[in-house]
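User: Please take me through this structure in short questions and answers. I have the sequence and the model open.

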Amino acid sequence: MFRRMVAVSHSGVWQSGLRGRLVTALGTALLYYLLALVSYAHAARPSGVVVVWLPSGLLLGLLLLLDRSLWPYALGGALVGNLGADLQRVGMHWWGFAGAAVNSVESLFAAWLVRRHVRDRLTFGTVRDVLGFLGLAIAVANGTTALAGALVIARGEFGALWEGWLHWW
């Protein structure tokens with residue numbers, strides 16, 4: 001099944017002009033929104049900290065599967081889905097926009113690192129693929145972009161920078 005999905009994504013079916021871009025953007029927005037609601041529903045109480053942000057995994061997977069020409073549409077869909085879930089949960093605040101941007105940049109940075117330093121078409125068929133993904137996408141990209149997330153949390157008066165970094169990562 002997975003090999004078939006990869007073959008479909010790289011064969012150009014998802015790249016068929018305006019239709020492919022719309023499907024990518026709207027599909028990403030809907031799935032991101034739904035996974036964000038699931039993540040928010042399982043937030044730690046009473047702090048409200050989301051321990052696992054499921055939509056980031058979705059976006060990273062899409063970026064690794066899709067042709068780079070569709071990345072802007074997937075990222076735009078992710079931003080819309082994230083903002084929609086935030087609007088429903090806490091209303092519109094400047095840190096909601098900033099947090100949505102950081103969430104998207106995190107997946108973008110991870111996909112870029114993996115495609116550049118491991119391989120363009122990741123298959124997880126080698127130890128290099130697995131260790132490269134774990135090291136670059138999870139450790140380097142998440143650790144780096146967690147700093148930006150911590151700045152959002154600190155500016156939103158939610159706590160100190162170090163505590164925000166630990167929560168975001």
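User: In what sense does H2 pass H4, left-handed or right-handed?

Analyst: This is a predicted model, in which local features need pLDDT of at least 70 and side-chain atom pairs count only at pLDDT 80 or more, while totals for chains, interfaces and linings use all residues. Residues are numbered from 1 along each chain as its sequence is written, and side-chain values use heavy atoms, with hydrogens and water left out. A crossing is left-handed if the near helix is turned anticlockwise from the far one by less than a right angle, and right-handed if clockwise. The passage of H2 across H4 is right-handed.

User: At what angle do H2 and H4 pack, and how far apart are their axes?

Analyst: H2 covers residues 17-41 and H4 covers residues 71-90. Axes are lines fitted to C-alpha atoms, for helices over the stretch in contact, and angles run from 0 to 180 degrees between N-to-C directions. For this pair the angle is about 35° and the axes are 7 Å apart.

User: Is Gly84 buried, partly exposed or exposed?

Analyst: Gly84 sits in helix H4 and belongs to the contact with H2. Buried means under 20% relative accessible area, exposed over 50%, and partly exposed in between (1.4 Å probe, protein chains only). Gly84 has 26% relative accessibility, so the label is partly exposed.

User: How many helices and strands does the chain have?

Analyst: Helices (H or I, at least four residues) and strands (E, at least two) are DSSP runs, numbered from the N terminus. The order of elements is α-α-α-α-α-α-α. The count is 7 helices and 0 strands.

User: Why does Val114 count as buried?

Analyst: Val114 lies in helix H5. The C-alpha of Leu136, 22 residues away along the chain, is 6.3 Å from that of Val114. Val114 counts as buried because its relative accessible area is 0%.

User: Which residues does Ala110 touch, not counting those up to four places away in sequence?

Analyst: Ala110 is also a residue of helix H5. At 2% relative accessibility, Ala110 is buried. Its partners are Leu60, Ala137 and Ala141.

User: Which residues is Ser56 in contact with, leaving aside neighbours within four places in sequence?

Analyst: Ser56 is part of helix H3. Its relative accessibility is 13%, so Ser56 counts as buried. The contacts are Tyr32, Asn103, Glu106 and Ser107.

How values were computed. Contact = heavy atoms within 4.5 Å.
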